[in-house]
Amino acid sequence: MTAEPKLEGAGLADGALASAASAAHDIAQEYLTDGPLARVGLEVEAHCYDPADPHRRPGWDEIMGVLEALPPLPGASVISVEPGGAVELSGPPAEGVLPAIEAMTTDQAVLRSAFGEAGLGLLLLGTDPLRAPERVNPGARYRAMEEFFVASQTGAAGAAMMNSTASIQVNLDAGPRAGWARRMWLAHALGPTMIAITANSPLLGGKFTGWVSTRQRVWSQLDPARCAPIQPSNGDDPATGWARYALNAPVMLVHSPHAAAVRQSVPFADWADGRVLLGGRRANTADLRYHLTTLFPPVRPRGRIEIRYLDSVPATMWPAVVFTLVTLLDDPIAAEAAAEVVEPVATAWDTAARIGLADPLLSATANRCVALAAERVPAQLEDAMSRLVRAVEQGRCPADDLSDRVIEDGIATTLSRLTQEECVALTSAPRAVSRRIRRGKGLS
């Protein structure tokens, strides 16, 4: 299945790479796309559960049986299945945040209704609280990724990332070139605050982890050359930092002709320069394009700006979260105010993931950020924004609500009730729905 984000830049021309320097030039050329701020693309992942037996992980054929019966979704989202069976909706770019939210909300309701009729549920949680990581998607890319993580001594974190995490990704236009450096800085600087607001993964594999965003913790345990934030490039053109990051990152997979794991640490620069041959050959531009899909920084430039650091959060909350994030980046007055507000916590990634809004500085920053968004919220989102503002004022993130329910009822019972609650809520959802499926192309 496919889940390629929707704000596409121009593709690199096919052909051999002469050197790492030529690869750096190509990467810089594809960094971001100059243009106005307008479009918003959303990608929402949800874990698939059997409410009658939450310990059971629905299999590939079972999930595909639901998806293959679906006609196109009304909002034109593309459906993909992640390695562990999480189901993702990837919406096309919409002209503004409200149309993007409305289209995704419609598609999400229809998809969940279809799964409910099949006796299954889709839960928006940052991690799978109960089940051990297990891959069900048979795609060659995922088999090779497993092998890569084991060979690179990150097998446990890699398995958890692939099979037990879920997020909401927001894709935005880059805007005018003159503002790229500031815009990318702000997208990163908002990360800790937004993680604290949306933390929704206090458990993993049946245990409390001590982190409110275990999803963020899992990503931080992977190779920082592939998953850490992109560092500023010391006054250089901002594309230079991305090119440096990409060339220093080890090659994960090589097509020869199918995806095969690279078991030794080989920076892409070494392959591009011919110092190392992989698959018996030098790198070409197709390899470079593929390499870029295996890099997972929390903010990734791919013609558009992909924001990847949000936990998957409930349908009652995510529209307000998305509106807040887009407003703080796309509204010039709100962006200027937000930049000043978040600067003191701009690098507090671990604190945000560990204790979230319990940190006084993050709490104060979060309150100011949601207030900025609430001042600009349209009528359609007023109720959702009011709930978000109240939660942040109370110092509560979704992980707190989930933890309370688990402590009261146990993990399995909580998950069963959550899936049943969603099925009941969606029984009147529209029946006309979607399918566009190709295997093994998620996690890109």
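## Exercises on a predicted model

Helix α6 (residues 180-189) packs against helix α14 (residues 332-342) at an angle of about 55°, and their axes lie 10 Å apart. This is a predicted model, in which local features need pLDDT of at least 70, side-chain atom pairs count only at pLDDT 80 or more, and totals for chains, interfaces and linings use all residues. Residues are numbered from 1 along each chain as its sequence is written, and side-chain values use heavy atoms, with hydrogens and water left out.

**Exercise 1.** Classify the packing of α6 and α14, and list the residues that meet.

*Solution.* Start with the angle: about 55° makes α6 oblique to α14. Here angles under 35 degrees count as roughly parallel, over 145 as roughly antiparallel, 65 to 115 as roughly perpendicular and the rest as oblique. Next, look at the contact (heavy atoms within 4.5 Å): Arg182, Trp185, Leu186 and Ala189 in α6 meet Ala335, Ala338, Ala339 and Val342 in α14. Finally, sort these residues: seven are nonpolar, none is polar and one is charged.

**Exercise 2.** Find out how many residues of α6 are buried, and which ones.

*Solution.* First recall the cut-offs: buried means under 20% relative accessible area, exposed over 50%, and partly exposed in between (1.4 Å probe, protein chains only). Then count: seven of the 10 residues of α6 are buried, so this helix is largely enclosed by the rest of the structure. They are Trp180, Arg183, Met184, Leu186, Ala187, His188 and Ala189.

**Exercise 3.** Describe strand β2 and its pairing with β3.

*Solution.* Begin with the two faces of β2 (residues 78-81): Val78 and Ser80 on one side are buried, and so are Ile79 and Val81 on the other. Now turn to the partner: β2 pairs with β3 (residues 87-90) in the antiparallel sense over four bridges, where pairing takes at least two DSSP bridges. Val81 stands opposite Val87 in β3.

**Exercise 4.** Track down the backbone exceptions at Ala76, Gln153 and Pro257.

*Solution.* As background, most residues other than glycine have a negative phi, and most peptide bonds are trans. Ala76 has a positive phi of about 70°; it sits in the loop between α2 (60-67) and β2 and is partly exposed at 48% relative accessibility. Gln153 has a positive phi near 65° and is exposed, with a relative accessible area of 70%. The last stop is Pro257, joined to Ser256 by a cis peptide bond with omega of about -5°.

How values were computed
Axes are lines fitted to C-alpha atoms, for helices over the stretch in contact, and angles run from 0 to 180 degrees between N-to-C directions. Ala, Val, Leu, Ile, Met, Phe, Trp, Tyr, Cys and Pro count as nonpolar, Asp, Glu, Lys and Arg as charged, and the others, Gly among them, as polar.
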